[in-house]
Amino acid sequence: MNAEETLKIIAKPWCNFKDLQLLSQLGETNTFKLRKEIKKSLENKGYVLPKTLLPMVEVVKYLKIDIDYLESRIKKGV
């Protein structure tokens, strides 16, 4: 997955299972574990979440995705 595809995914307000799998580059089993881990962390902070969705902004933070770097890669044409 290239920088442009990643930015297109993280532009969404909510992250579904497939998005999380693409962003994390994990298989199904580990993506389920990751989603459960992120959801539990957010619920412990007081978030009330839809059953299968996570806020994309929190997923980006959790996965430490560097948006500025991705945007710079697109500007350079890489």
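I began with burial: of the 78 residues of the chain, 35% count as buried, where buried means under 20% relative accessible area with a 1.4 Å probe and protein chains only. I note that this is a predicted model, in which local features need pLDDT of at least 70, side-chain atom pairs count only at pLDDT 80 or more, and totals for chains, interfaces and linings use all residues. Residues are numbered from 1 along each chain as its sequence is written, and side-chain values use heavy atoms, with hydrogens and water left out.

I next looked up the surface. The chain exposes about 5,500 Å², by the Shrake-Rupley method with a 1.4 Å probe; carbon and sulfur atoms supply 53% of that area.

I recorded the overall extent: the C-alpha trace spans about 40 × 25 × 15 Å along its principal axes.

I then listed the secondary structure. The chain has 5 helices and 2 strands, taken as DSSP runs (helices H or I, at least four residues; strands E, at least two) numbered from the N terminus. Their order from the N terminus is α-β-α-α-β-α-α.

Helix α3 (residues 28–44) packs against helix α4 (residues 56–63) at an angle of about 110°, with the axes 11 Å apart; axes are lines fitted to C-alpha atoms over the stretch in contact, and angles run from 0 to 180 degrees between N-to-C directions. That angle makes α3 roughly perpendicular to α4, a term covering 65 to 115 degrees.

I noted the contact residues (heavy atoms within 4.5 Å): L34, E37, I38 and L42 of α3, with E58, Y62 and L63 of α4.

How values were computed. Angles under 35 degrees count as roughly parallel, over 145 as roughly antiparallel, 65 to 115 as roughly perpendicular and the rest as oblique. Buried means under 20% relative accessible area, exposed over 50%, partly exposed in between (1.4 Å probe, protein chains only).
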